[in-house]
Amino acid sequence: MDLERSDDQELFRETTRKFLESTAPVSTVRQWSEKEAAGYPVDWWRRGAELGWTSLLVGEADGGGSVSGNGLADLALVAEEMGRLVSPGPLLMTNVVAAALSEAGTAEQRAAVLPGLVGGETVATWCLAEPGRPACGGEAVALEAARQGDRFVLSGVKGPVEAAAEAGHLLVTALVDGRPTQFVVPASTPGVTVVPLQGIDLARRIADVHLDGVTLGPEHLLGEVGDAAAQVERQLQVVVALQCAMMAGAVDEMFTRTVEYAFDRYSFGRALASYQALKHRFADMKLWLEAIHATTTGAVRSVGAREERAAELVSVAKSYVGTNATVILQDCVQLHGGIGVTWDHDLHLYLRRVVQERSLFGTPEEHRERIAAGMGL
Amino acid sequence: MAAQSVIGAPAEEVESFRLRARAWLAEHMPRLPEGVDNYHLMRDDEFGVRARELQRTLYDAGFAGICFPREYGGLGLSREHQQAFSRESAAYEMPVLFNVPTLSILAPTILDFGTEEQKRRHIPAILRGEEMWVQFLSEPSGGSDLAGLVTRATRDGDVFVLNGSKIWSSGAFRSDYALCLARTDWHAPKHRGLTMFIVKIHQPGIEVQQIRMVNGWNEFCQEFFDDVAIPAEDVLGQVNDGWTVASRLLIHERDAVGGASRYTSGLGAAGERSGSATGLDHLARATGRTSDPTVRQLVAEDRVHERVAQQLVRRVTTGIASGYFPPPAGAIPRLFAATANERHRDMALEIVGRGAAAWTEGDPVGEVSVEYLFRQGGSLGGGSNEMQRNIISERVLGMPREYAADKDKPFDEVRHNAAPSRVR
């Protein structure tokens, strides 16, 4: 978490934290994961939207607005708190689509989609990834939208896509004449089929989106034909920065609980926390954890401020956080002993959350390749 | 922003100071050659002659000791003035050899604990480039357990007689004075029987030997003390209260290494040294391996560590200042830098491949494998990684302290290593 946050941001964070703790403690998240189709009750998401979860990246003209002037920094506080409680809900996906529409949508598109997203009545998701391709870098998208008069026809598979089944709107990144182009697609469009996948994260749903002759008029274009590269990069930066914040929250919570466990758990008449072999492992974990917070903060600030170096800093953060969050969590499992690999202990919920975020929108390895390319190699 | 000078007159505005410095530097200081930094130049300045001249030039022009009090020859200005000057002077030859430890560690400790007489004698001389200082703390008999040191200073009338040995003092052979921590009471528990002394290095009874390191460096020294008489007025602080002085010195050291010292001049604290020139991308290009996917991963990982290190310093510095972290959290970026350096050396070795075994003389690739031999250097100096892990777990996370057999015991009842006998 950013140590230089303002009083307003702290109040905002505290409000979200209290709401999450009272409405969706981890025990509730578990129940919802089995009972609720999307992993959460629709009304719960709407109440979260009232707290500001869906409006921070949306312009004021469209009913949005930030707490601090850097809406991404504000939203990262929500993402981190949701990581802390492995909360369900399409926070990243809905916000990135809302931001894209707010930045690049026509007045008609904004009026048609944003009120529902901001109000929490509908949700949206971004279809970027394609089976068998890396999710970041120039090779990510191969789906061609074929021209047919002034219309476009999409056939292919996008996935894995989080929250595809519950989304009312899909932001589809494709190519037209080989150049990146984006479409805002109502989920009810003929030819769109959502095929659920087995996801690692119990609290969230994930699917492939099959597009079978999906025919779209020019009113579905987000921005100009072939001109979406910068917008796609911007969306990727937003999602990745928020992924890092969510992972940071998840790891911070489980590290804190593991430290408490080390003080409370006795072996051979001594607290685990008194063994130097274990103390040194905790010191290493603390080091990695603070570095995770530091690099997440750096990425969030830079993307929020639209700095040129944000492209590198999000990949630095994703590489570092994605690599070390799992290392810390597996060490937390080890330090808990056998209880750490049981279904009843919460550890696996956190590990699931981190594995999902680590793997989507570019793995650490893929982001390192992006960094190398950015260094001119 | 306006700073108040020590004597109360309004100080020069930062911007005006910056512009005046810029003009003066352009006219009077030599520009650094392309691709050469002050550390490269320093390597060839074995006795610090050039650094002394440059420091004197700064002093004569009224740009030395920006944050030092005016009554001791400084300018009495703010950290903003110091930072403005450091940025302006980045492209010029600067006496960075004085920064660490003289200006950033020893001089501030003297300001903190020195008598009026001690401060007047030494601080202006330091700022004029006449005195280079070094710290005599570590001993061959023990590295991490500083307070368990066994160099003795025995009172004899108006003097203390010093016997023993110190080690790992950087550049002692070219330095003039040292702060030396020695045991003055063997019946007190270890922290309460120590005294800090101001010691003139080049005098009868002190022998300085340069230590040859595995990578060819010979900056580190060992000193041998043989009945060295130290005047009682050269005690810094109180007799048997040397641990208080040493603790403060170590805080100044941490600030200096972390780049947070207000007493340096020019870009030259150790923490500011690593730049893109040391990045593995240069090595990948030099070896023609830029398209190798494995090498690309390594180059990027190195860049990640470089960026995260900077971000972590900012986080921890901010957090300590606000009280979010306790001051010992300074161990966190220190441990990060050390472990990232180990990884850096490993990755460099991997990239040069077979070139690590043999190379044409003068080829920079060869330096990689020689530096690899010194891989653990950064994990040992200034408190080993293991000590940092103790500090983080005990003083940041609050875990139980390690058992210490010498706690509250008179030092002469504690088992300790003997002072080393002299090897000739």
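Helix 11 (residues 364–374) of chain A packs on helix 9 of chain B at an angle of about 85°, with the axes 8 Å apart. Axes here are lines fitted to C-alpha atoms, for helices over the stretch in contact, and angles run from 0 to 180 degrees between N-to-C directions. The two helices are therefore roughly perpendicular to each other; angles of 65 to 115 degrees count as such, those under 35 as roughly parallel, those over 145 as roughly antiparallel and the rest as oblique. Helices (H or I, at least four residues) and strands (E, at least two) are DSSP runs, numbered from the N terminus. On the chain A side, E365(A), R368(A), E369(A), I371(A), A372(A) and A373(A) take part. Their partners in helix 9 of chain B are R296(B), Q297(B), A300(B), E301(B), R303(B) and V304(B). Contact means heavy atoms within 4.5 Å. The residues of this contact divide into 5 nonpolar, 1 polar and 6 charged. Ala, Val, Leu, Ile, Met, Phe, Trp, Tyr, Cys and Pro count as nonpolar, Asp, Glu, Lys and Arg as charged, and the others, Gly among them, as polar.

The model is predicted: local features need pLDDT of at least 70, side-chain atom pairs count only at pLDDT 80 or more, and totals for chains, interfaces and linings use all residues. Residues are numbered from 1 along each chain as its sequence is written, chains are lettered from A and ligands numbered from 1 in the order in which they are written, and side-chain values use heavy atoms, with hydrogens and water left out.

Across the whole interface, 39 residues of chain A contact 38 residues of chain B. The chains bury about 3,500 Å² between them, 65% of it on carbon and sulfur atoms. Buried area is the accessible area (1.4 Å probe) that two parts lose on being put together, summed over both. There are 8 salt bridges between chain A and chain B, each a side-chain nitrogen of Lys or Arg within 4 Å of a carboxyl oxygen of Asp or Glu. K279(A) and E402(B) form a salt bridge with an N to O distance of 2.7 Å.

Over all chains, the structure holds 65 salt bridges. E233(A) pairs with R370(A), the closest N and O atoms being 2.8 Å apart. E233(A) lies in helix 7 (residues 229–264) of chain A and R370(A) in helix 11 of chain A, so the pair ties together parts that are 137 residues apart in sequence.

Helix 7 of chain A also packs with helix 5 (residues 91–104) of chain A, at about 150° and with axes 10 Å apart. The two are therefore roughly antiparallel to each other. The residues of this contact divide into 9 nonpolar, 3 polar and 2 charged.

In chain B, the axes of helix 9 (residues 293–322) and helix 10 (residues 331–352) come within 10 Å and cross at roughly 165°. That makes helix 9 of chain B roughly antiparallel to helix 10 of chain B. This contact comprises 14 nonpolar, 3 polar and 4 charged residues.

The peptide bond from G159(A) to P160(A) is cis, with omega near 0°, and P160(A) is in strand 3 (residues 151–162) of chain A. The bond from V100(B) to P101(B) is also cis, with omega near 5°; P101(B) is found in helix 5 (residues 99–113) of chain B. F268(A) has a positive phi, near 50°. F268(A) lies in the loop between strand 9 (266–267) and strand 10 (270–271) of chain A.
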